[in-house]
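Work through the exercises below with the sequence and the coordinates at hand. Each task is followed by a solution in steps.

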Amino acid sequence: MRWQREATGTRVRLRRLAATAILLITGCNRHQSALAPFGAEADDTLSLTIVLASGAAVIALGVVLLVWNASRAREHALSESGGLRLVLWAGAIFPTVVLTVLLLFALPAMRPLPESDADLRIQVEGEQFWWRVRYAPPGAAPLMAANEVRVPVGRTVVFELTATDVIHSFWIPGLAGKMDMIPGRTNQLVVRATKPGTFRGVCTEFCGLSHALMAFDVIAMEPAAFDAWLAEARRTERASSGRGAQAFDRRGCGACHAIAGTPHHAVIGPDLTHYSERLTLGAGILEPTVANTAAFIRDPSAFKPGARMPAYAAMPQAEAEAIARYLKGAP
Amino acid sequence: MSLHEQDDPELRRAQEERLRAVWDSPKGLFLKWTDTNNDAVGAWYTLTAFGFMLFAGVLGLLMRAQLAVPDNDLVEPGTFNQLFTLHGSMMMFLFAVPMFEAVSIVLLPQLLGARDLPFPRLSAFGYWSFLLGGVFVSGSIFFDVAPDGGWFMYPPLTTRTDLSGLGADIWMLGLSFIEVSSVAAAVELIVGVLKCRPPGMRLNLMPLYAWYILVVAVMILFAFPPLIAGDVLFEMERLLDWPFFDAARGGDPLLWQHLFWIFGHPEVYIVFLPSIALFAMLVPTFSQRHLLGYPWIVLAAVGTAFLSFGLWVHHMFTTGLPKISLAFFSAASEAVAIPTAVQIFVFIATMWAGRVIWSTPMLYAAGSLAIFVIGGLTGVMVAVAPFDWQAHDTYFIVAHLHYVMIGGTLMPLFAGLYYYWPLITGKKLSDRLGRIAFWLLFVGANVTFFPMHLSGLEGMPRRVFTYPAELGIDGLNLASSIGAYIFAAGAALICIDLALSPRRALAERNPWNAGTLEWLAHPQDEHWGIRSIPLVESRYPIWDQQDFMRKVDEGRYFLPDAEEGRRETIVTTVLDARPIAVIRLGTPSWKPMMTAFALGGVFILTTYHLYWLALLSGIATLAMVLWWLWTGTAEIPEKESKPIGHGMEMPLYLSGSSAPGWWAMFITMMADATAFSGLVFGYYFFWTKHEDFPPPELASAPGVFWPMVALAVGLAAWLLTVAARECNAKGRIGTARGLLVAGIAASMISGLAGIAGPWTTGMEPTLHSYPAIVWTLAIWTSVHAAIAVIMLGYALARSLAGKMTPRYDADLRNVTVYMHFLALTTVVTYATIGLFPELA
Amino acid sequence: MKDERPRTKERVKVTLWTLIVPPTTWAAHFLFSYLWAAISCAKVGKFATFPTLFVVGTVIALIVIAASGWIAWRQSRVPGDAPPHQDSTDVDRLRFLAVSTMLLAGLSFVAVIYTALPVVFIGNCR
């Protein structure tokens, strides 16, 4: 029973009001917040949050008032037996009833969304400190990507999550709760986006030096647009000639990175085929301008302490910029 | 001795002289640190834990400075990781748990009208271990090698030696050392509560603090050992490359998480319940009436203790376990709110029925209750799994846990500080400074932590050294940082108040007009603890029993003298506190300190891979322990019994299940068995994780033969020991000695046969988790067999030296308890490693 | 001293050990439920749709708790003074332990039911 979804119109409006109020008070982050949902799971959880928080507030207030009252009562205002009745009813029976009701709602809410073999699967692997993404649509060829996740609105998507080096955790606050990525295990997270937009996800399990700098972009697209993008992305091939491509080749970037259409198929670092489409650089930390990209190539650790990519400090600025321009889509 | 004899002031003065001489603390620059009296050791312990709290608090302030503005670069990421790891680890391991033990060492004997706890030297050993381990762990930050993997130390980040350095070893070995001292203190406190109550203080009259301490110490006994088992596996992986947590070789990182949180969740209640215990002492005092609903508190304490062991997976809600498993823990996490609510309403009812005096301690108590209630309610929220999937590992949890810890541990301790300061020093703290400090703390805590609920839900993960401005949470973070410094100002004010205390005048005795035994303490400190051990007939004897204080002071109750010049206290029965014996207590000695340093050497030298020196240190530890036991325990008294007053004659020697030593052994072995069950859990955990476990290509080892030999001979050693005990008791000393020799041989053979299994079948522990866990179980059991050899040898030597006789046989009885548990360990280990592969 | 009263009667009565029978029963039931579900899911991939074993285990646990609660309730009514049972007498100590046991039985009963609820609502291993 997904009880929250059957909420009446008034309850939905009240909830929106509460969420908006919180956002107004605290800023206007709408792209990485559990308070600004764009998915079915996060939506349900927000309703649950508001119910729980209101209940908690009422109870906390009640207890404080009782303490206040008790401290001001004259001596013997409460008899021994009256006191025992207070403990029994307010301390034992009342919480038991409240918690039972809560449990009756909470347990069914734990059930994951239904899924089937026909659903799109997206395999995400956490690595220090980036995300390897593989789209596996049913009955079609997979697509490799990195540090960006696109999901179709209104369709069920199954994330299959794992890690190779250490434990990471995959969290898109606006879409659903988080799920850990644990070496040796594959966890499932079933989600459904409800509205299009650009959002952000982060790593929530401490994973080392740059744990704070491990994020990714999330793009929820209309289903038709998503299908078109996926088909197009699978066909993308990049030129392997040109100044930037040659520098990429010469500097041995291909030892770690893959670019479709070129001889580079390595799987150690992020796949760079679709780098030109990305909204950020370095797993959600920088704007992917040519200058930033070149600077990152020459000294990744300056932006991302502990990054595995070696520094190319000796590389002339012009060459780094040529590679950056190539990655950004220049021929 | 009759009642009227005590009318003679000359006699009383002579008694006091003798008591004073016996309980006098050692003097001198070095010698004064050999003190074992609870008022000295407890005070050092408390001060040290308080110091670590301030240190860890400063680390927290540094973190808040870094997070005050987005994209800040005040603190390096690596340093930041050390800061939060050390902040959490220190607050938990070096402040919260030791602080409760320290306070209990100070208070418990006073509350129980005992002269001291039953094993004062054990307290001293615990303190020196704590100090050494604590300085070792916290000092590491000055050398930039502090642990940096989070206080939860999740592998593989922390077990892979290429991803984590010395800090991980410092955490694991330094804190294991402290865990040992925590378990030692737990043993001391349990035996103290059960066996050292004053005559007449039946279970229904015990001060609630003692009830809580009993419950909490038992929790430590079952909560810490799984972590010790985890530490063993963890260090085996780090130092020897045995792949318990390496998924590529059949290990599983989740095993650590289970072992850690089986410890980690009860831990929360271990640090929370003692603070509630302080409430249970001061609320009746400031309501000027008995606590209303005493059995409800007992229900709540015991109920919480049990339920808290069914919550651990709620720290693992996002690890992808089946939802059904999560649901059990979600349900239990809801249930634990019930006993917590009961406690809060017991206090409300007591206040309501009484006349509340708004003293400074009461102000702290009420304020912390308000903060705690908020933390408790957010706890109910995160127990709801779908909500936790959002909130987990975000600042929402940071907010929740700090509300719980500040409201449930820190502020109640400040309440206790203001309440009990006159008891310890004879002087009151300043009401004015105390109240200003309270408001700074109260406002500071809320300004710091309330915004974190929102920053968490707005997407701020935990353990980040910075956050981007675009998240729009900079205002919330700035508020948190400002609040943290307000809070720190409050803490600083309390320190100032404490520092001014020596200049203040002595307060009157029992300044709050409390009703419980500890307030018998005199402002002019006497080291003897209590002048005479009273007959207790009420929960609040000072209020209810006529002329109680005067009678105690005039030595009109029990044991008003120290004729033989020995430190003594009365041992009573568990349920009804009937006096059964007088025991002699340990005197100041440097052995506990030296033993602690030797044991510390084992852990610290291992950290730096100095294995030979560590081994030497281990041998030194063993020698110290044996010497300590030989010279200080199970001493045959110079006479059978002595009078304790009122015509009662009490024996001076106890053995078997009425003796404190027997209980200490039994309790220690419960902890040992719990650690062992953590390892066995590991074996079966791997079985559930793998399709085929043992893996078919490895399953032929260790075979059935050697494990069965070890099992059979191990059981023989057990039977031989039991037979030796019986023969010795019947006076057949020669036979008993022969049986002990046979028992030594059998234990030795059992231990060697246990190793022979994996050894002869060539099991390679670095290959896969299966041989690694088999080796671990075999080594664990064989080491225990080796300890049995030493213990049986010890009993034999005591018999030969005439220190153990058929009448005075405590040594052999205690060794037999050890052998019972060893027999259990032997059966489980060898049945598991020998027979389970045949079944699976 | 009031120490010399006959002790034989109370040997069969509530003690510190019987106090922990109800919560221990909860703990056993909890461990049983968790292991049953975890092992079924890990080894079989599902658990029985009508879990006979589970129902039997739960009923047994509830009976044990109810029985110890009932015994404790009987003993808490042993003649003696009214609450709060705070005299140093055998009967007060007995009645105190009985009342505490009864309260613990109540809590344990609720907790066992809480533990059983998930199986009603969540029927698979996802």
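**Exercise 1.** Describe the secondary structure and the overall dimensions of chain B in this predicted model.

Solution. Begin with the count: chain B holds 24 helices and 4 strands. Next, take the radius of gyration, which is 27 Å; the globule rule gives 28 Å for 840 residues, so chain B is as compact as a globular protein of that length. Along the principal axes, the C-alpha atoms of the chain fill a box of roughly 85 × 80 × 50 Å. Then turn to burial: 65% of the 840 residues of chain B count as buried. Finally, consider contacts in chain B between residues at least 6 apart in sequence; 80% of these join residues at least 24 apart.

**Exercise 2.** Determine how helices α20 and α24 of chain B are oriented relative to each other, and which residues make their contact.

Solution. Locate the helices first: α20(B) covers residues 660–689 and α24(B) covers residues 810–839. Their axes come within 9 Å and cross at roughly 10°. Angles under 35 degrees count as roughly parallel, and α20(B) and α24(B) are therefore roughly parallel to each other. On the α20(B) side, the contact residues include B:Trp662, B:Met665, B:Phe666 and B:Phe676. On the α24(B) side, B:Arg813, B:Val817, B:Tyr818 and B:Phe821 are among them. Sorted by class, the contact has 14 nonpolar, 4 polar and 2 charged residues.

**Exercise 3.** Characterise the side of chain A that touches chain B.

Solution. Start with the totals: 70 residues of chain A are in contact with 70 residues of chain B. The largest share, 16 residues, comes from α3(A). By class, this side of chain A has 43 nonpolar, 20 polar and 7 charged residues.

**Exercise 4.** Work out the strand order of the 5-stranded sheet in chain A and identify its edges.

Solution. The sheet is open, has mixed pairing, and runs β3-β2-β1-β5-β8 in chain A. At the edges stand β3 (143–146) and β8 (187–192), each with a single partner strand, so one side of each is left without a neighbour in the sheet. From one strand to the next, the twist averages 25°. For one pair in detail, take β1 (residues 120–127) and β2 (residues 130–136) of chain A, which pair in the antiparallel sense over 7 bridges. Opposite A:Glu125 stands A:Arg132 in β2(A).

Notes:
Residues are numbered from 1 along each chain as its sequence is written. Chains are lettered from A and ligands numbered from 1 in the order in which they are written. This is a predicted model: local features need pLDDT of at least 70, side-chain atom pairs count only at pLDDT 80 or more; totals for chains, interfaces and linings use all residues. Axes are lines fitted to C-alpha atoms, for helices over the stretch in contact, and angles run from 0 to 180 degrees between N-to-C directions. Helices (H or I, at least four residues) and strands (E, at least two) are DSSP runs, numbered from the N terminus. Angles under 35 degrees count as roughly parallel, over 145 as roughly antiparallel, 65 to 115 as roughly perpendicular and the rest as oblique. Two residues are in contact if their C-beta atoms, placed from the backbone, lie within 7 Å. Ala, Val, Leu, Ile, Met, Phe, Trp, Tyr, Cys and Pro count as nonpolar, Asp, Glu, Lys and Arg as charged, and the others, Gly among them, as polar. The radius of gyration is taken over C-alpha atoms; the globule rule is 2.2 Å times the number of residues to the power 0.38. A residue is buried if 20 or more other C-beta atoms lie within 10 Å of its own, exposed if 12 or fewer, and partly exposed in between; C-beta atoms are placed from the backbone. Two strands pair if DSSP finds at least two bridges between them.
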